[in-house]
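Here is a short briefing to read alongside the sequence and the model. Have both open and follow the residues as we go.

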Amino acid sequence: MTSKLDAVLHQRGRAGVDFVVHLARGASGLKAAAAADLAAAVPDPAALPDDMDRRHAHMAQALGGSRANRVSQLVGEWHAQMHGLLAREAYEEIREAVDPVLAQAQADGPCTLEPATGPMPSYWQGVHFHRTAGGWDEHPMQGYIHGEIIHKRLVEALYPGGIFKQRREIAARAPRDHYARILDMGASTGHFTHALQEVYPDAQIVGVDWSLRALEHAQRVANTHGWAWQLYQRGAEATGFDDASFDLVGSYILLHEIPADIIRATFAEAFRVLKPGGDMIMSDVTRYADMDKLGQWKADAGALWGGEPFWRESASLDLAQVAREAGFVDVTASGIYPHVVQGRKPA
Amino acid sequence: MTILDPSNPTAYNHPARPTLNEVDTGALGAALLALTKEVWVLTDRMMVMEEVLAQRGIDISAQIDAHQPDPDLQSRLNARGAKLVAGVLDALSGVARD
Ligand SMILES: C[S@@+](CC[C@H](N)C(=O)[O-])C[C@H]1O[C@@H](n2cnc3c(N)ncnc32)[C@H](O)[C@@H]1O
């Protein structure tokens, strides 16, 4: 399906962004060599140190002699530093054509957006999540760059299958066929919000996120479809909405970006704003408990070098337990990626 | 390192000047990848140009900028791009090429 928001890139920008894909695919021989060195260096993952920091030190030592692993680090580091900047360059090349379309898409339509009045929290402000240069909000068109260029061109090419397919499947797992009011926590540029709206076409959807730039793009997406989303630049842990005002509260890949105490507060907030009998569905990254020590180290290294300061504490949480502590009943947690936790507020 | 001394003026011809050393290696690798990307952009552009010329366009440059590769060209671009990258990475890491 094409949309007027689709990024139609010029050659230079397009080839620059595509290069990031070529870099990943062209590194397959290198990755195989690095994996062989890794397997030789760690014959027994269970014997790795329990403490994660010590495990990193141990692995650095064990892999120190592997040139393939060093080059692999170089490729990873270059990707981390450059993917956002190349996508930004691609946008700069087409901005003259695209800016008026974006301005109009934001202004014309039923979707509303309320910016925050207070300061952003210290766990979010100034943090360059995903190593995105300047963080989520530095560039005025970061929402478009991230939503349309990075996600639709890069993520889609590297993880084919459609960014909406998995989101739609998860959205459809909520137990009822109809929800009147849905809250999407960490709505960002509106990808899960979009899936929720498709699965529950009659629902009134409200979205919160700290990133104004991302929400601005969600607003364009909603307006383009004629969806009356209500978007707020607010934290999921303190939304300011009335008690018992939603039928479904969901989030998709939000939790690993926030510290453990804020995750607990977010589940408590979901519980508070749900009507009695209302449903909760949150999806996030693979739990450390579901991996062996080597898998955990790989995930943790990815987080360490990939601009994810809270991944470790978040992925170490037992989300079913957190949901029960917040008051949810009939709690289930399943799946490797995404890991999905569901529950209900007692009627 | 030869110490330069005016009493041996020809030593100035080819001085053993220290340049990069081990601590520069990371930056060197990053520069290499940046260069690879630039080479790639040009390779891509030339392939697109051949394609556009084959279609007998008039304003080639604007057409190239605006050209959106069809699935066939995109897959040829992808194959070439991955090959270019593999050549550089395999040399850098010492992985034998087949
Ligand atoms: C990985 S994105 C979410 C992706 C999105 N739900 C989707 O389907 O693609 C995480 C988002 O969470 C936002 N965020 C981080 N902390 C938050 C919080 N406490 N409350 C609301 N949003 C938050 C970030 O600004 C970012 O846009």
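This is a predicted model: local features need pLDDT of at least 70, side-chain atom pairs count only at pLDDT 80 or more; totals for chains, interfaces and linings use all residues.

Helix α1 (residues 11-26) of chain A and helix α2 (residues 28-41) of chain A pack at about 40°, with axes 5 Å apart. Axes are lines fitted to C-alpha atoms, for helices over the stretch in contact, and angles run from 0 to 180 degrees between N-to-C directions. Helices (H or I, at least four residues) and strands (E, at least two) are DSSP runs, numbered from the N terminus.

**How to read the numbering and values**
- Residues are numbered from 1 along each chain as its sequence is written, and chains are lettered from A and ligands numbered from 1 in the order in which they are written.
- Local features need pLDDT of at least 70, side-chain atom pairs count only at pLDDT 80 or more, totals for chains, interfaces and linings use all residues, and side-chain values use heavy atoms, with hydrogens and water left out.

**Helix α1 and its partners**
- With α2(A), the contact (heavy atoms within 4.5 Å) joins A:Ala24, A:Arg25 and A:Gly26 of α1(A) to A:Ser28, A:Gly29 and A:Lys31 of α2(A).
- By class, that contact of α1(A) with α2(A) has 1 nonpolar, 3 polar and 2 charged residues; Ala, Val, Leu, Ile, Met, Phe, Trp, Tyr, Cys and Pro count as nonpolar, Asp, Glu, Lys and Arg as charged, and the others, Gly among them, as polar.
- The axes of α1(A) and helix α5 (residues 142-158) of chain A come within 10 Å and cross at roughly 30°, so these two helices are roughly parallel to each other.
- Residues of α1(A), including A:Val17, A:Val21 and A:Arg25, meet residues of α5(A), among them A:Ile149, A:Arg153 and A:Leu158.
- The contact of α1(A) with α5(A) has 8 nonpolar, no polar and 4 charged residues.

**The sheet**
- An open sheet of 8 strands runs in the order β1-β4-β3-β2-β5-β6-β8-β7 (chain A), with mixed pairing; two strands pair if DSSP finds at least two bridges between them.
- β1 (112-114) and β7 (329-334) of chain A are the edge strands, each with a single partner, so one side of each has no neighbour in the sheet.
- The twist from one strand to the next averages 15°.
- Strand β5 (residues 246-252) and strand β6 (residues 274-284) of chain A pair in the parallel sense over 6 bridges.
- Opposite A:Asp279 in β6(A) stands A:Leu248, and opposite A:Ile281 in β6(A) stands A:Gly250.
- Because 9 of its 11 residues are buried, β6(A) is largely enclosed by the rest of the structure.
- Buried means under 20% relative accessible area, exposed over 50%, and partly exposed in between (1.4 Å probe, protein chains only).

**Helix α8 and A:Gln219**
- α8(A) lies across β1 and β4 (230-232) of chain A, running at about 170° to β1(A).
- A:Gln219 lies in this helix, α8 (residues 212-225) of chain A, and counts as buried at 9% relative accessibility.
- Beyond its neighbours within four places in sequence, A:Gln219 is in contact with A:Ala105, A:Gln106, A:Cys111, A:Thr112, A:Leu113 and A:Leu231.

**A loop residue, A:Tyr123**
- A:Tyr123 is found in the loop between β1 and α5 of chain A and is buried, with a relative accessible area of 11%.
- A:Tyr123 and A:Glu257 are 134 residues apart in sequence and 9.0 Å apart in space, C-alpha to C-alpha.

Methods: Angles under 35 degrees count as roughly parallel, over 145 as roughly antiparallel, 65 to 115 as roughly perpendicular and the rest as oblique.
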